[in-house]
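Please look over the sequence and the model shown here, and keep both in view while reading the paragraphs that follow.

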Amino acid sequence: MKTRAGALRELRRTLTEAGFETAALDARLLLLEALGISATELITEPDVLLKPAQAEALAAFVQRRLNHEPVARIVGEREFWGLPFRLSPETLVPRPDTETLVETALALLPDRQAPLKVVDFGTGSGCILVALLHELPNATGLGVDLSFGALVTARANAIGNRVGSRCHFALSRWADAVSGPFDLVVSNPPYIASGVIPTLDQEVREHDPRLALDGGPDGLEPYRILLGEAERLLAPGGLLAVETGYDQAEDLGSLAGLHGLEVLKITHDLSGNPRCVAMKRS
């Protein structure tokens, strides 16, 4: 039987030898989840022996990781904006880059205490909407998705993060079943060109839902739809903010002009890539 500390060392070595760059962090997260213990318990009681059920759970987790399943999907949760979000097969894993969208929207709002109406298209886990409502105490929100499973997950995350009473969720293809106006429209839509998806990293192409990745032949189709609905959806003075691929900001600016929208701000992510485009009606 292995101790907690011994199991951690072995797991770290296994993942390192398999070529995982984040082997130490992955090993720690997988061990804590498999054993059902806290980080404090691991530090203060490293010599406790693993129970047979814990060892079995850990072995299953290790095999899944060696098959390049993301750690967040294995443990079923990921932090975003300092808040915990449960995941499901129908949702993307929230990424730090997407926090750029939340930051941009909040920075452009003149009054965070206002009773704003917010809509999030392609809400997935609900991370963007929930993060915004967490920072906008008097706002109400609507999360829209084409996947019922994603909506169930988003609703649970809204409740878990104590904003469930201020938001609703709707099954819709973009804005087909939605009427405005909204003060803030946000979206992290699918923006990968269809032909590029087979070339993506294994963790993405095999484990992320294609519905949340595929942006059509050039990756811009969801933007054409959303920008085409902007006049109907946006209240006077309303803001539209979307996440973009690293090479799409210029194309999105051109689309904005075609739909009577003015680009207010292009925000870069931590890697220096254009990641969010914020717009308003001209």
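Is Leu 32 buried or exposed? Leu 32 is buried, with a relative accessible area of 12%, where buried means under 20% relative accessible area, exposed over 50% and partly exposed in between, with a 1.4 Å probe and protein chains only. The model is a predicted one, in which local features need pLDDT of at least 70 and side-chain atom pairs count only at pLDDT 80 or more, while totals for chains, interfaces and linings use all residues. Residues are numbered from 1 along each chain as its sequence is written, and side-chain values use heavy atoms, with hydrogens and water left out.

Leu 32 lies in helix 2; helices here are DSSP runs of H or I with at least four residues, and strands are runs of E with at least two, numbered from the N terminus. Leaving aside residues up to four places away in sequence, Leu 32 touches Ile 37, Ser 38, Ala 39 and Leu 42, a contact being heavy atoms within 4.5 Å. Its C-alpha atom and that of Arg 205, which is 173 residues apart from Leu 32 along the chain, are separated by 27 Å.

Of the 40 residues that line it, Pro 70, Arg 78, Val 93, Arg 95 and Glu 203 are the closest to its centre, and the elements that give two or more residues to the lining are helix 2 (23-35), helix 5 (71-75), strand 1 (77-80) and helix 9 (202-205). A pocket is found on a 1 Å grid over the protein atoms alone, as an open set of points where a 1.4 Å probe fits, with protein on both sides within 12 Å along at least five of seven lines, and lining residues have an atom within 4 Å of a point. Grid points are joined across faces, edges and corners, and the volume is the space filled by probe spheres set on the points. By class, the lining of the largest pocket has 23 nonpolar, four polar and 13 charged residues, where Ala, Val, Leu, Ile, Met, Phe, Trp, Tyr, Cys and Pro count as nonpolar, Asp, Glu, Lys and Arg as charged, and the others, Gly among them, as polar.

The second largest pocket has a volume of about 630 Å³. It is lined by 34 residues, of which Gly 122, Asp 145, Pro 190, Leu 211 and Ala 212 are the closest to its centre. Helix 7 (127-135), strand 4 (140-145) and helix 10 (221-233) are the elements that give two or more residues to this lining, and helix 10 gives the most, with three. The lining residues divide into 15 nonpolar, 11 polar and eight charged.

Helix 10 itself has 13 residues and reaches 18 Å from its first C-alpha to its last, close to the 18 Å expected at 1.5 Å a residue, the expected span being 1.5 Å times one less than the number of residues. Its buried residues include Tyr 223, Ile 225 and Leu 226, and the buried residues of helix 10 pack against elements that include strand 3 (117-121), strand 6 (182-187) and helix 11 (249-258).

Just after helix 1, Gly 19 takes a positive phi of about 95°. Pro 46, in the loop between helix 3 and helix 4, is partly exposed, with a relative accessible area of 26%, and it touches Thr 3, Arg 4, Ala 5 and Glu 41, not counting residues up to four places away in sequence.

A search of the whole structure finds one aromatic pair. The rings of Phe 80 and Phe 85 have their centres 6.2 Å apart and their planes at 80°, so the pair is edge-to-face; rings of Phe, Tyr and Trp (its six-membered ring) pair if their centres lie within 6.5 Å, and planes under 30 degrees apart count as stacked, over 60 as edge-to-face and the rest as tilted. Phe 80 counts as buried at 1% relative accessibility, and Phe 85 counts as buried at 0%.
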